[in-house]
Amino acid sequence: MKISVVKTSLSSELQAKKLAEALLEARLAACVQISGSGLSLYRWQDKVEHEQECYMSIKTSTELCDEVVSWLHEHHPYETPEIVWSVCEASPDYANWLADMVK
């Protein structure tokens, strides 16, 4: 069975927790994992930037993936957030649980 995993990064764990709780409240996600701080290097406005960020993995149904992506674009604090997603195979028990937890 298939599920979608949407990933993004944020500058603080507090920001990530707020987004995660809002996604869960809206039933757009069944589970959100927040991973510890890591160093992101990227080019922004013609400069190379170095920032500590935390990372989110948002588990949702394939049917809701586009809605989660749109929601993130609207609520993410970054001007141009990293929002990437993939469709993944999942065990039937996990996929069924996930489907029951979202809209």
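Which residues does Ser35 touch, not counting residues up to four places away in sequence? Ser35 touches Cys54 and Tyr55, where contact means heavy atoms within 4.5 Å. This is a predicted model, in which local features need pLDDT of at least 70, side-chain atom pairs count only at pLDDT 80 or more, and totals for chains, interfaces and linings use all residues. Residues are numbered from 1 along each chain as its sequence is written, and side-chain values use heavy atoms, with hydrogens and water left out.

**Ser35 and its strand**

- Ser35 is found in strand β2, residues 31-44; helices (H or I, at least four residues) and strands (E, at least two) are DSSP runs, numbered from the N terminus.
- Ser35 has 39% relative accessibility and counts as partly exposed; buried means under 20% relative accessible area, exposed over 50%, and partly exposed in between (1.4 Å probe, protein chains only).
- Ser35 and Ala16 are 19 residues apart along the chain, and their C-alpha atoms are separated by 9.5 Å.

**Strand β1 and its partners**

- Seven of the nine residues of β1 are buried, and the strand is mostly covered.
- β1 runs antiparallel to β4, with seven bridges joining them; two strands pair if DSSP finds at least two bridges between them.
- Ile3 has Cys88 in β4 as its bridge partner.
- β1 also pairs with β3 in the antiparallel sense, over seven bridges.
- Val5 has Lys59 in β3 as its bridge partner.

**Helix α2**

- Helix α2 spans residues 65-75, and its residues Cys65, Val68, Val69, Trp71 and Leu72 are buried.
- Seen down the axis of α2, the buried residues fall within an arc of 160°, so they line one face of the helix; the arc is that of the directions from the helix axis to the C-beta atoms.
- Asp66, His73 and Glu74 are exposed on the other side of α2.
- The cover over the buried residues of α2 includes β1 (2-10), α1 (13-25), β3 and β4 (83-89).

**Salt bridges**

- The structure holds five salt bridges, each being a side-chain nitrogen of Lys or Arg within 4 Å of a carboxyl oxygen of Asp or Glu.
- One of them joins the side chains of Glu13 and Lys17, at 3.4 Å from N to O.
- Both Glu13 and Lys17 lie in helix α1, four residues apart, about one turn of the helix.
- Glu13 is partly exposed, with a relative accessible area of 45%, and Lys17 is partly exposed at 41%.
- Lys47 forms a salt bridge with Glu49, and the closest N and O atoms are 3.8 Å apart.
- Lys47 counts as exposed at 52% relative accessibility, whereas Glu49 counts as buried at 19%.
- Lys103 and Glu67 form a salt bridge whose closest N and O atoms are 2.7 Å apart.
- Lys103 lies in the segment after α3 (92-101) and Glu67 in helix α2, so this pair ties together parts that are 36 residues apart in sequence.
- Lys103 is exposed, with a relative accessible area of 59%, while Glu67 is partly exposed at 36% relative accessibility.

**Nonpolar surface patch**

- Leu39, Leu41 and Val48 make a nonpolar surface patch of about 280 Å².
- Patches are made of residues with over 30% relative accessible area and no salt bridge; like charges are joined within 9 Å, and nonpolar side chains (Val, Leu, Ile, Met, Phe, Trp, Tyr) within 5 Å.
- Accessible areas come from the Shrake-Rupley method with a 1.4 Å probe, and for residues only the protein chains shown count as cover.
- Val48 lies in strand β3, residues 47-60, and is partly exposed at 47% relative accessibility.
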